Structures are given as structure tokens and as C-alpha cells.
Amino acid sequence: MVTVSAPGKLMLFGEHAVVYDRPCLVTAVGQRMRVTVELLDMPEFLLDAEDVKVIGYKKQMSEVGIGEIPKGAKFVEIALKNFLEKHPMKTGIHVTTSEFSSFFGFGSSSASTVCTMKAISELTGIKLSNKELFDLSYKTILDIQGKGSGFDVATAVYGGTLYFVTGGKVIEPLNISELPLIVGYSGVKADTVTLIGEVKKKLEEEPEKVNRIFDAIKDLVEKAKADIVKGDWETVGKWMNFDQEYLRDLGISTEKLEAMISAAKKAGAYGAKLSGAGGGDCMIALVPNDKRKAVGDAITIAGGQVIDVSVNTEGIRVEK
Ligand code: PMV
């Protein structure tokens with residue numbers, strides 16, 4: 001039996017543009033997905049994933065990836081299918097996932113995919129490099145969602161804070177020791193695939209305008225990368241505010257997110273923006289140490305929920 005864990009993620013800069021061959025910056029959070037895998041003598045696949053209400057799910061190994069798959073079982077089952085296609089095995093497998101709320105949009109699907117893949121490789125002795133682990137897990141996400149840059153998969157694998165280009169063309173860890181963020185949840189669960197679809201529609205309708213926005217976001221990512229490494233938070237905050245304006249132009253911000261962002265800025269944040277697909281989920285604010293309480297209170301008064309999140313955390317690891 002083996003247990004592995006992988007971190008969730010928070011997008012810092014570059015969301016949506018990163019779906020279209022631009023870079024982004026992302027950090028790993030303290031909230032971790034844990035997956036335990038054991039081999040079985042019978043050629044059966046069993047899954048218990050209490051966090052997504054899948055308990056006692058069972059099928060023959062020969063049926064993995066075939067037929068109707070319940071929503072909560074998809075990522076683990078397709079991860080297993082993709083692993084088996086490359087490395088067939090005769091035994092069965094029991095997967096148990098736990099301890100990660102899919103609630104705040106921290107990327108539970110990607111983290112569970114990466115954990116499943118890693119745990120099976122550890123148990124079977126078929127070692128995967130981090131890049132192989134990324135590639136097989138990213139394929140799994142694309143097989144299911146059809147879309148996505150893979151930034152969340154890279155974060156689950158490598159951890160830390162990454163400069164990332166679509167599909168893992170570049171995965172570059174940034175050498176930083178702190179990132180003074182506050183995270184506020186808007187109370188609304190966002191659907192990433194729907195929002196990616198909305199931006200795609202906009203890109204088709206107004207290609208020049210939207211490509212100009214993506215290029216401007218790319219410039220901000222490059223600037224923010226340099227200033228994050230320097231620890232020049234005041235300037236990073238300014239880039240956040242600019243990025244938020246472009247995201248608003250893309251039509252993915254909401255009134256609630258805007259209220260939380262503006263409250264954070266008024267209370268003394270260096271800068272603030274939504275994080276991820278938009279339409280809900282979380283906003284982030286970059287905050288001087290002596291303003292943390294004021295900014296947290298302001299986000300709460302604006303109707304948000306401040307979430308305790310540590311950032312720049314370790315990537316995938318084998319627990320025991
Ligand atoms: O909604 P989240 O936090 O998973 O972020 C999605 C970010 C996008 O750039 C919109 C999509 C992607 O795969 O990069």
C-alpha cells in the first residue's frame with residue numbers, strides 16, 4: 001500500500017491567456033490531496049472517494065475507462081486507464097482519495113489525477129520522471145475536459161511557484177521564500193470549462209482585441225515574474241491590478257469579486273485580482289504585513305470568506 005499527496009494551486013497571473021500559448025505564474029497551496037493505492041489479487045478496480053461522494057465504486061480492470069463513468073470517479077479512472085495503456089498490469093487496484101475539498105477551486109481534479117498516477121507507479125515499480133508524470137496526467141485532464149493549459153497538473157507535480165507555458169512547454173520554478181498573499185472566497189463555485197468556453201467564443205468573435213489582451217497579459221506575467229523574484233511587492237501589486245483590468249475586459253469577473261478586490265485595495269493591499277477561471281471562486285490580494293488584518297476584515301465585510309492558505313508549498317510526495 002502506498003499513500004501520496006499533492007498540493008492544490010492558486011493562479012497568480014496569466015489565467016485564460018495561458019490556454020492560448022502564453023505563460024502564467026502559479027503557486028502551490030498548503031491544501032493537499034491524499035491518495036492511497038493498494039494492489040489486489042482480483043483483477044478489479046475499486047474506488048472510494050468520499051470527498052466527491054463516490055463510495056464502493058467497482059468494476060473489472062478490463063472495463064476501466066469503458067462505459068458510463070460517474071463524475072466523481074472520472075479523473076482517477078481515466079488516470080488508471082492511461083497508465084495501463086502504457087504499462088499493462090495483471091493485478092487489481094483499490095484507490096482511496098481523501099482530505100481535499102473541491103470547494104474553493106484549488107484544483108482537486110488535477111491533484112487526484114497526479115496522485116493516482118504517482119501512487120500506481122510507486123506500487124508497480126514502474127518509475128515515472130516528473131515530466132512523464134506531468135505528460136500522462138495532463139493527457140488525462142485533456143481526455144476528460146478537452147481543454148486546459150495543464151498549469152494545475154504542473155503545480156501538483158512540481159510544487160513551489162512556477163512560470164508555466166501551455167502544455168508544459170516551459171515549467172520553471174521561481175526561487176522565492178515568501179509571497180504575502182491573502183485569499184478570499186467569493187462564495188460562488190465557478191465552472192472552469194464553461195468559462196474557458198466563454199472566452200473562446202469571445203476570441204472567435206473579436207480575435208484581434210482578445211489576442212491583444214492575451215499579449216498584454218503575457219507582458220504582465222514576464223514583468224511580475226522578475227518582480228516576484230526580487231520581492232518588490234509594491235510593483236507586483238501594480239501588475240496584479242493591471243491583470244485584473246484585462247480579465248474584466250474578457251468578461252469573466254463578477255460584481256462580488258470586484259467588491260472584494262476593491263475593498264482589499266482600499267484597505268491597503270498592494271494589489272488584488274481574481275484567481276483562476278473567474279465567474280466566482282477566489283480572489284487574491286498582495287498585502288503588506290501590517291495591513292493583513294485590515295485587508296482580511298475588508299474582504300469579509302465585502303461578503304467574502306478569507307481562507308487560510310499557505311503558498312509556495314512542496315509538490316507531490318510519497319507519504320509512506
Ligand atoms: O478555475 P481554475 O482555478 O482551475 O483556473 C483556470 C485557469 C484557466 O487559465 C482559465 C484554464 C487553464 O487551464 O489554464
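How far apart do the C-alpha centres of domain 1 and domain 2 lie? They sit 26 Å apart. A quick note before the views: this is a predicted model, where local features need pLDDT of at least 70, side-chain atom pairs count only at pLDDT 80 or more, and totals for chains, interfaces and linings use all residues. Residues are numbered from 1 along each chain as its sequence is written, and side-chain values use heavy atoms, with hydrogens and water left out.

**View 1. The two domains of the protein chain are domain 1 (2-175 + 313-318) and domain 2 (181-307).** These bounds come from an automatic or database domain assignment. Contact here means heavy atoms within 4.5 Å, and 27 residues of domain 1 are in contact with 38 residues of domain 2. The size of an interface is often given as the accessible area lost when the parts come together. For this pair the buried area is about 2800 Å², with carbon and sulfur atoms giving 72%; that is the accessible area (1.4 Å probe) that two parts lose on being put together, summed over both.

**View 2. Three salt bridges cross the interface of domain 1 and domain 2.** The rule asks for a side-chain nitrogen of Lys or Arg within 4 Å of a carboxyl oxygen of Asp or Glu. Aspartate 215 and arginine 22 form a salt bridge, their closest N and O atoms being 3.0 Å apart. On the side of domain 1 that touches domain 2, β1 (2-13) and β2 (23-40) each supply at least two residues. Helices (H or I, at least four residues) and strands (E, at least two) are DSSP runs, numbered from the N terminus.

**View 3. Histidine 16 and lysine 53 both turn up with positive phi.** Most residues other than glycine have a negative phi. Histidine 16 has phi near 70° and lies in the loop between β1 and β2. Lysine 53, at about 60°, lies in the loop between β3 (44-49) and β4 (54-60). Buried or exposed? Histidine 16 counts as buried at 5% relative accessibility, while lysine 53 counts as exposed at 73%. The cut-offs are under 20% relative accessible area for buried and over 50% for exposed, with partly exposed in between (1.4 Å probe, protein chains only).

**View 4. Lysine 225 lies in helix α6 (residues 207-230).** At 17% relative accessibility, lysine 225 counts as buried. Its side chain makes a polar contact with the side chain of glutamate 172 (3.2 Å). Not counting residues up to four places away in sequence, lysine 225 touches Leu25, Tyr163, Glu172 and Leu174.

**View 5. Threonine 161 lies in strand β6 (residues 161-165).** With a relative accessible area of 1%, threonine 161 is buried. Its side chain makes polar contacts with the side chains of threonine 27 (2.9 Å) and asparagine 312 (2.8 Å). Leaving aside neighbours within four places in sequence, the residues in contact with threonine 161 include Leu12, Val26, Pro173 and Ile176.

Key: A polar contact is a pair of N or O atoms within 3.5 Å; within protein, one must be able to donate a hydrogen and the other to accept it, and residues adjacent in sequence count only if both atoms are side-chain atoms.
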